[in-house]
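Dear colleague,

I am passing on the structure below, together with some notes on what was found in it. Please read the notes with the model open beside them.

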Amino acid sequence: MTVLITGGSRGIGAAIALRFAAEGVNIVIHYSQSHESANDTARRCMRLGANVMTVTADLRSKEQLVRMREKLEAHGMLPDILINNAGIAHYGMLADVSEQEWDDVMSVNLKGMFLCTQLFMPSMIAQRYGRIINVSSIWGMSGASCEVLYSTTKGGMNAFTKALAKELAPSGVTVNAVAPGAVDTIMLDNLDAEEKAALQEEIPAGRFGQPDEIASLVYFLSLPESSYITGQVISPNGGWHT
């Protein structure tokens with residue numbers, strides 16, 4: 001069994017890689033620019049006994065992703081499980097969003113997910129087994145002020161998940177999304193200490209989520225016994241915005 005994690009070098013992506021590595025799954029860590037972080041995560045996975053590859057590609061480029069797929073196929077590492085985790089955040093008023101910013105965030109968060117899914121789902125369909133799990137956000141469900149662009153991409157990811165699940169269900173391939181609330185990663189770095197404390201007070205659980213908690217849910221959705229769960233957007237959020 002092989003899992004491909006896009007944006008797997010750090011944060012939630014790295015936690016997902018480590019969770020699968022602990023179960024002896026073959027790991028493919030995709031990264032864009034974080035070469036050192038990807039290698040560090042790969043080494044940590046290998047210490048757990050996993051077979052690991054790192055691959056780099058610009059998710060906005062179909063040409064680069066096709067080459068990545070060819071490399072994985074040559075190494076016998078085509079994924080049975082695809083985790084579309086890579087994404088970029090954007091914080092700011094919609095009035096201030098440039099056309100370039102809009103295109104960049106859309107291209108990574110939505111086009112990248114589309115291209116990876118389209119390239120890797122045929123082998124899953126052929127073997128009549130596969131898992132596609134999209135890492136979305138609570139803002140794709142409820143929206144966030146000053147994060148209209150980011151929320152839009154995550155809302156699109158949720159709709160993509162529900163629609164594709166219906167297409168692939170007859171082929172034994174499930175498609176689900178995990179839409180975390182506030183998780184303790186660099187995504188919160190735009191907040192100062194006072195803002196973080198105020199945010200924690202809003203969360204009924206009284207704390208931020210941890211990357212390994214998100215990774216555990218992703219891992220569960222990848223298991224054979226999760227085969228009747230598809231088209232779902234599940235939000236681990238500590239009771240926030242439910």
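A residue is called buried when its relative accessible area is under 20%, exposed when it is over 50%, and partly exposed in between, with a 1.4 Å probe and protein chains only. This is a predicted model, in which local features need pLDDT of at least 70 and side-chain atom pairs count only at pLDDT 80 or more, while totals for chains, interfaces and linings use all residues. Residues are numbered from 1 along each chain as its sequence is written, and side-chain values use heavy atoms, with hydrogens and water left out.

Helices (H or I, at least four residues) and strands (E, at least two) are DSSP runs numbered from the N terminus. Helix H6 (residues 148–168) has 21 residues and spans 30 Å from its first C-alpha to its last, close to the expected 30 Å, a figure that is 1.5 Å times one less than the number of residues. Its buried residues are Leu149, Tyr150, Ser151, Thr153, Lys154, Met157, Asn158, Thr161, Leu164, Ala165 and Leu168, and they pack against strand S4 (81–84), H4, S5, H5, strand S6 (173–178) and strand S7 (233–234), where contact means heavy atoms within 4.5 Å.

Ser136, in the loop between strand S5 (130–135) and helix H5 (139–142), is buried at a relative accessible area of 5%. Leaving aside neighbours within four places in sequence, Ser136 is in contact with Lys154, Met157, Asn158, Ala177, Val178, Ala179 and Pro180.

Arg128, by contrast, is exposed at 52% relative accessibility and is found in the loop between helix H4 (99–127) and S5. Although Arg128 is not a glycine, it has a positive phi of about 55°; most residues other than glycine have a negative phi.

Turning to helix packing, the axes of helix H1 (residues 11–21) and helix H8 (residues 211–222) come within 8 Å and cross at roughly 55°, the axes being lines fitted to C-alpha atoms over the stretch in contact, with angles from 0 to 180 degrees between N-to-C directions. H1 and H8 are therefore oblique to each other (under 35 degrees counts as roughly parallel, over 145 as roughly antiparallel, 65 to 115 as roughly perpendicular and the rest as oblique). The contact involves, among others, Ile12, Ala15 and Ile16 of H1 and Ile214, Ala215 and Val218 of H8.

Finally, Lys196 lies in helix H7 (residues 193–202) and is partly exposed at 25% relative accessibility.

Best regards
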